[in-house]
Amino acid sequence: MNTILPVENNDVLPALRSFLKRLMNSGVIEVLLVPLEHGEGVMPALVTDPALLDSANPLMPLMSINNARAVSAITGKHTPAKIGVVLRPCEIRALIELVKLQQASLENLTIISMDCPGTYEIPDSMAKGTWKQASNLSAYLDAAKEGKEPDIDGLSLRQACQMCIHPVPENLDIHIHLFGVDVRRGLPVTMKDEIAAVLNLTEGEAGGGESVPFGHDISEAVARLMAGRQKVREEALGHIHQKMTSNDSIASLFASCIRCHNCMTACPICYCKTCLFKTAAFDHEPEYYLNAAHRKGATRMLGDTLLFHLTRLNHMGASCVSCGMCTSACPSDIPVGMIFSAVGEQVQRVFDYVPARM
Amino acid sequence: MCSGAVDPVYILKPLLDGADGVLIGGCHPGDCHYQTGNYKTRRRYVVMREILKNAGFDDKRVWLRWISASEGQRFAETVTEMVAALKELGPSPMREVWAV
């Protein structure tokens, strides 16, 4: 069912917050996983007190973690309450993969998502105080309306977002539209009929505001954005493949890796409770290193770096949803996510497997 | 150990250390004590070959063959065959690559 939530004084956030409260007060959900404003940014939180939703801000384009991991923590074999989760499209995709891997459940879950024009590296926007200024969020929403890349405060989108070809959420219950619509005049929402019935919302309701059209403008804006993103993705992955086929192979891409395991920690798909690489399995005796050095004339210290990445590629390359959290987490600026997307795509093709397809 | 329990890390470690080849032996399809162990192996093997290509390895260096624990003769023949094939390929270039 399509409806339009009224927006007053051109301010989208209060309309969004009151909608989230309405979901909670009407009993559609009992708790909500949503980013709350905290300091200069946002922090994902599990909220039971509707009053705290006055600081909910899913529009701020920052993503500290892929929240599929949070959903995995609060669902599972038994989901103890009617839980609502506000997720970005890549978080839903990771969640679907975790469900297939039996690490999360969709039972009792209401998934709320928005069109996602992309997110920014947190340190970049923190340094500039970008999101303290309402005009920047405004410009961000304007770009979404036009289906153009946002140009804000001289910031670049996260590498993964620049080449994201899934900016429109799928497999969800409530879809808040940003692409192709002027959200200052009304916030278009598509939701399941049963939810609309509980909320007493009717088709096309505008609550006194001007109506915003569904359809043509939306698909045009999405098509415009996708065309650009597709091109960026092809070029970026082509570049990675080129580097991998050159003489020094994939090893050169991980040459500056400090083996901090941040990429693994940030990865929503890497779910093993005990990871081999966090055990003492690779803490070798001194003789081991000396032998290794003798064998090849030299050995990388501390070593086993490429082993770590290749193993991870084997473990979750097929499920990689290209959220790029690994790249954002890398202190050595290695394009981990691009490498995983490039190799992942190759593995997925063999099985005709599409991650996040139900 | 069940071939379904052979994590890719067991194959990758010797290859990166410079081994010329790795042979994975598993029970015949349909003959798994745990029902699906060898099907998991087969799937992982396909994934691994794709990834090895990107790591500059010749995927001919990793063999998966169905040899059950009672097939000593077949095991010996397979190893002989593999050694001959690896000799033809020559030593693994990874013997010289220390920066991994």
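Residues are numbered from 1 along each chain as its sequence is written, and chains are lettered from A and ligands numbered from 1 in the order in which they are written. In this predicted model, local features need pLDDT of at least 70 and side-chain atom pairs count only at pLDDT 80 or more, while totals for chains, interfaces and linings use all residues.

**Exercise 1.** Describe how domain 1 of chain A meets domain 2 of chain A.

*Solution.* 
1. Chain A is assigned domain 1 (2–133 + 141–226) and domain 2 (232–351); such bounds come from an automatic or database domain assignment.
2. The centres of these domains, taken over C-alpha atoms, are 31 Å apart.
3. Domain 1 of chain A brings 19 residues to the contact and domain 2 of chain A brings 17 residues, where contact means C-beta atoms, placed from the backbone, within 7 Å.
4. On the domain 1 side, α2 (68–74), α3 (89–100) and α6 (159–162) of chain A each supply at least two residues. Helices here are DSSP runs (H or I, at least four residues), numbered from the N terminus.
5. The largest share of that side, five residues, belongs to α3(A).

**Exercise 2.** Characterise the side of chain B that touches chain A.

*Solution.* 
1. The contact joins 20 residues of chain B to 25 residues of chain A.
2. α1 (8–17) and α2 (37–54) of chain B are the elements giving two or more residues to the chain B side.
3. α2(B) gives the most, with six residues.
4. By type, the chain B side has 13 nonpolar, three polar and four charged residues. Ala, Val, Leu, Ile, Met, Phe, Trp, Tyr, Cys and Pro count as nonpolar, Asp, Glu, Lys and Arg as charged, and the others, Gly among them, as polar.

Notes. Contact = placed C-beta atoms within 7 Å.
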